[in-house]
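Please look at the sequence and the model first.

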Amino acid sequence: MKPFNQLQSLTPNKFKRLTGISKENFEHLRCKVEDYKNSQKAINPLTKRGRKPEKIFITDCILLTLYYMRHYPTFNNLCSVFGISESYCQKIYSRYARIVAEVKTLPNRKELINNPPNTLIIDVSEQPIERPVKHQKDFFSGKKSRHTIKAQLIICALTLTIMSVICGKGRQHDFSVFKINRLFIHPKSLLLADSGYQGLQKLHKNTNLPHKKKKGCALTAEQKAHNKALSKQRIFIENVNRRCKVFRIVKEVYRGKHKNYSLTWRLVAALVNLRYDCVI
C-alpha cells in the first residue's frame, strides 16, 4: 500500500472505504496520537534512549491500525500490503491500538449518573468466534448455535453517541450481561430496550419494554401499537451497530484473544463516535 502522504489524493469516499473514517477524523486522530506520544516522551525522556527510530511514520502506523480493523486481514496478508515483516505489523497494531484507545475514550461510567441523557437505548451485538480450547460451553450460544461473544451497547438517542460498551460470553443472557456488570443509570433517564431485557424495570423503573405475546394469547391493538412505536425509537441503535460493523474486526469471526475483545470494541466505538463529532 502507498504511504499516507500519497493517499491524500483519494476522494473522500474512497479514503473512507479504505480506513473506515473520513480524512478530517483521521487528521484529528493523528494530532491526538502525536500529542500523546510527545507527552509520554516528556514524562519519561530516557525511555527511548538507545532505541532505533521507527521504520515508518506515525501516520502510516495509524493507517495500518485502521486498515487492519476495517478489513480484518491476517497479519500474513497485512505484511505484504505494507511491505514490512509480519511480526512488525503485529507490533505496530498492538502498540497503536492501545494508544488510540487512550486518546479517544468513551464517556466515563459516571456520565450516566452525573450528566445523564434524556433517553438511552440498549442492545446487544453477538459475534461468532473460533471454538475455544477451554470452557467451550461458556461461549456456546443456543440462539446462534455456535460459539459467540457479546458486546452490549448503550447509546444516547439524541446524539447517537455510544456511551458504554460491555462485553460478555455467548452463553450469557442479554439481561445477565447488564446485571453482572452493575451498570448504574440515572433514575430520570428513559431506557429503551428489546424483549431480551424482561425484568429490567425492576432495576431501572423508567424503562420502556415491548409487550411479549403469551402462549395462547394474542396481543391487543394497543400493545401492537406500543411495540411498533418502540421499534421506531430503537431503530437508531441498529444504525449505530451497523456503523460499528463497518470495521470487520467486530463483524467477522473473531480470531484474537478474548481478553482483548473489550479493548477492540471500545476502540471501534470511539472511532464511530468521531462520525458524530463527539470529541472527547
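In this predicted model, the axes of α6 and α11 come within 9 Å and cross at roughly 55°, where axes are lines fitted to C-alpha atoms, for helices over the stretch in contact, and angles run from 0 to 180 degrees between N-to-C directions. Helices (H or I, at least four residues) are DSSP runs, numbered from the N terminus. α6 and α11 are therefore oblique to each other; angles under 35 degrees count as roughly parallel, over 145 as roughly antiparallel, 65 to 115 as roughly perpendicular and the rest as oblique. Ala97, Arg98, Val100 and Ala101 of α6 meet Leu263, Leu267 and Leu271 of α11, with contact meaning heavy atoms within 4.5 Å. These residues divide into six nonpolar, no polar and one charged, where Ala, Val, Leu, Ile, Met, Phe, Trp, Tyr, Cys and Pro count as nonpolar, Asp, Glu, Lys and Arg as charged, and the others, Gly among them, as polar.

Residues are numbered from 1 along each chain as its sequence is written. Local features need pLDDT of at least 70 and side-chain atom pairs count only at pLDDT 80 or more, while totals for chains, interfaces and linings use all residues, and side-chain values use heavy atoms, with hydrogens and water left out.

| Pair | Angle | Axis distance |
|---|---|---|
| α4 and α5 | about 140° | 11 Å |
| α4 and α6 | about 95° | 9 Å |

An angle of about 95° between α4 and α6 makes α4 roughly perpendicular to α6. In that contact, Ile58, Cys61, Ile62, Leu64, Thr65, Tyr68 and Met69 of α4 meet Cys89, Ile92, Tyr93, Tyr96 and Ala97 of α6, a set of 11 nonpolar, one polar and no charged residues.

Helix α6 also contributes to the second largest pocket, supplying five residues, the largest share of the lining. A pocket is, on a 1 Å grid over the protein atoms alone, an open set of points where a 1.4 Å probe fits, with protein on both sides within 12 Å along at least five of seven lines, and lining residues have an atom within 4 Å of a point. Of its 17 lining residues, Tyr93, Ser94, Gly256, Lys257 and Asn260 lie nearest the centre, and by class the lining has nine nonpolar, five polar and three charged residues.

Conventions: Helix = DSSP H or I, 4+ residues; strand = E, 2+ residues; numbered from the N terminus.
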